[in-house]
Every structure is written in C-alpha cells, then in structure tokens.
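Subject: Structure for your review

Dear colleague,

Please find below the structure that I am handing over to you. My findings follow directly after it.

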Amino acid sequence: MFSSNRAAAQAAPSGPSASLREAEYQILAFTDMYNRMLDSCHDKCISAKLADGDLHVGEAVCIDRCVAKFLAMQQHVSEKMTAVQKQMQQSAEAAQAAATGLKS
C-alpha cells in the first residue's frame, strides 16, 4: 500500500533521515487512504438526514462492508504496484547490465 515511492526512498542515502522520510511518507499515505475511505463510505452509507445520533443497523452493516471492500482493493492495488515496480527494477537492471557489457 505504501510501496510506490519505496524504491526512491531506498535509493537515497540510508540512515536516520532516510528512515524518517520513509516513516513520514507512510503516515501521509495512510492518512490519505483513511480520509478517502472515510469520505467514500460516509457518502455511500450515512443518510443525509441525521434524525438520530446513532447509526442504524443498515448503516453500520453498509460501513462494515464498505471499509472491508475499500481495504481489500487497496491491498490488491498495492500488490499490483509492487509487482510492476519489481518488474521495472529488473528491466532497468538488465538494461544496465547490457550497457555495462557493451562498454567492456
């Protein structure tokens, strides 16, 4: 879920500042995902007329399902992005190896 910029963070010099940048990035990514999930599930599941301070059973069930689907989709997208990133890295390494072999 948070791996899209992980390669860039790993390419940077390692140490406390790199770890701190990675942690900050992960917090921002999680906050963004949480806010999008909150907005999406609220719009889908919570009635516009607030007659009651409590959730109705139907609203609670809708929210549970919405959150589960949202998180499952985020996991799926993250896995796909990780696979694509890994494939791109392997292609870049192969291209670099081929270029190095041509120079020798």
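A residue is called buried here when its relative accessible area is under 20%, exposed when that area is over 50%, and partly exposed in between. By that rule, buried residues make up 15% of the 104 residues in the chain. Please note that this is a predicted model.

Overall architecture

The chain contains 3 helices and 0 strands, and its pattern along the sequence reads α-α-α. Among contacts with a separation of 6 or more, 56% are accounted for by residues 24 or more positions apart.

Disulfides

A search of the whole structure finds 2 disulfides. With bonded cysteines counted along the chain, the disulfides follow the pattern 1-4, 2-3.

One of these disulfides joins cysteine 41 to cysteine 66, with an S to S distance of 2.0 Å. The pair links distant parts of the chain, as cysteine 41 belongs to helix α2 and cysteine 66 to helix α3 (residues 57–103), 25 residues apart. The link of cysteine 41 and cysteine 66 is left-handed, with -90° about the S-S bond. Both cysteine 41 and cysteine 66 are buried. Leaving aside residues up to four places away in sequence, cysteine 66 touches Cys41, Lys44 and Cys45.

Another disulfide joins cysteine 45 to cysteine 62, again listed with S to S 2.0 Å. Cysteine 45 lies in helix α2 and cysteine 62 in helix α3, so this pair ties together parts that are 17 residues apart in sequence. The torsion about the S-S bond of cysteine 45 and cysteine 62 is about -65°, so this disulfide is left-handed. Are its two cysteines buried or partly exposed? Cysteine 45 is buried, because its relative accessible area is 9%, which falls under the 20% limit. Cysteine 62 counts as partly exposed, because its relative accessibility is 27%, and this value lies between the 20% and 50% limits.

In soluble globular proteins, nonpolar side chains tend to be buried together. The largest nonpolar core in this model has 6 residues, namely Met33, Met37, Cys41, Cys45, Cys66 and Phe70. The elements that give two or more residues to this core are α2 and α3. Helix α2 gives the most, with 4 residues.

Phenylalanine 70, one of the core residues, lies in helix α3. Phenylalanine 70 is buried, because its relative accessible area is 17%. Not counting residues up to four places away in sequence, phenylalanine 70 touches Met33, Arg36 and Met37. Phenylalanine 70 and arginine 36 are 34 residues apart along the chain, and their C-alpha atoms are separated by 9.4 Å.

The salt bridge

Side chains of opposite charge can pair when their charged atoms come close. The structure holds 1 salt bridge. Which residues form it, and how far apart are the closest N and O atoms? The partners are arginine 36 and aspartate 32, with the closest N and O atoms 3.0 Å apart. Arginine 36 is partly exposed, because its relative accessible area is 38%. Aspartate 32 is partly exposed as well, because its relative accessible area is 41%.

A nonpolar surface patch

Phe30, Tyr34 and Leu38 form a nonpolar patch on the surface, and together they have about 290 Å² of accessible area. Leucine 38, one of the patch residues, is placed in helix α2 (residues 16–45). Leucine 38 counts as partly exposed, because its relative accessibility is 44%.

Summary

- The secondary structure comes to 3 helices and 0 strands.
- The chain holds 2 disulfides, in the pattern 1-4, 2-3.
- The largest nonpolar core has 6 residues, and α2 gives the most to this core.
- The structure has 1 salt bridge, formed by arginine 36 and aspartate 32.
- A nonpolar patch on the surface is formed by Phe30, Tyr34 and Leu38.

Yours sincerely

Technical notes
Residues are numbered from 1 along each chain as its sequence is written. This is a predicted model: local features need pLDDT of at least 70, side-chain atom pairs count only at pLDDT 80 or more; totals for chains, interfaces and linings use all residues. Side-chain values use heavy atoms; hydrogens and water are left out. Patches are made of residues with over 30% relative accessible area and no salt bridge: like charges are joined within 9 Å, nonpolar side chains (Val, Leu, Ile, Met, Phe, Trp, Tyr) within 5 Å. Accessible areas come from the Shrake-Rupley method with a 1.4 Å probe; for residues, only the protein chains shown count as cover. A salt bridge is a side-chain nitrogen of Lys or Arg within 4 Å of a carboxyl oxygen of Asp or Glu. Buried means under 20% relative accessible area, exposed over 50%, partly exposed in between (1.4 Å probe, protein chains only). A disulfide is a pair of cysteine sulfur atoms within 2.5 Å. A nonpolar core is a set of buried Ala, Val, Leu, Ile, Met, Phe, Trp, Tyr and Cys residues joined through side-chain atoms within 4.5 Å. Contact means heavy atoms within 4.5 Å.
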